[in-house]
Amino acid sequence: MTEISTRAYVSQGRELVALRQENEALLVQLRVKAPADGAEATYRARQLAVELSKAEVERAQLSSRATNAEEQLEQLQMYMTQHIASYQKEILSLRRQVALAGHRTR
């Protein structure tokens, strides 16, 4: 081997050793972090379950409130319809009385 090819071979060997060491270090980190990440994932899943439960309770409450509001609205609409009809009848009756009184005074 020539001196240049020997240097290249040694340089590649060093790079290979460095890459293997880096790879091993990353694998160690992965093994160490995996349980922590698993615990974190479990914690997050529990938190999401709690939040979901709260959201479902709130949705049920809002649904109940909406149903009550719809019933109240329906009752108010019926009340208004009935009373407006009776007021219109009363207005017509009063107009007739005014018209009759006007004809009598002429």
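User: How many salt bridges does the structure hold?

Analyst: This is a predicted model, in which local features need pLDDT of at least 70 and side-chain atom pairs count only at pLDDT 80 or more, while totals for chains, interfaces and linings use all residues. Residues are numbered from 1 along each chain as its sequence is written, and side-chain values use heavy atoms, with hydrogens and water left out. Counting a salt bridge as a side-chain nitrogen of Lys or Arg within 4 Å of a carboxyl oxygen of Asp or Glu, the number the structure holds is one.

User: Which side chains meet in the salt bridge, and at what N to O distance?

Analyst: Both partners lie in helix α1, three residues apart, which is about one turn of the helix, where a helix is a DSSP run of H or I with at least four residues, numbered from the N terminus. The side chains that meet are those of K54 and E51, with an N to O distance of 4.0 Å.

User: Why does K54 count as exposed?

Analyst: Exposed means over 50% relative accessible area, buried under 20% and partly exposed in between, with a 1.4 Å probe and protein chains only. E51 has 44% and therefore counts as partly exposed, whereas K54 counts as exposed because its relative accessibility is 52%.

User: What share of the 106 residues in the chain is buried?

Analyst: The chain has one helix and zero strands, strands being DSSP runs of E with at least two residues. Of the 106 residues in this chain, the buried share is 0%.
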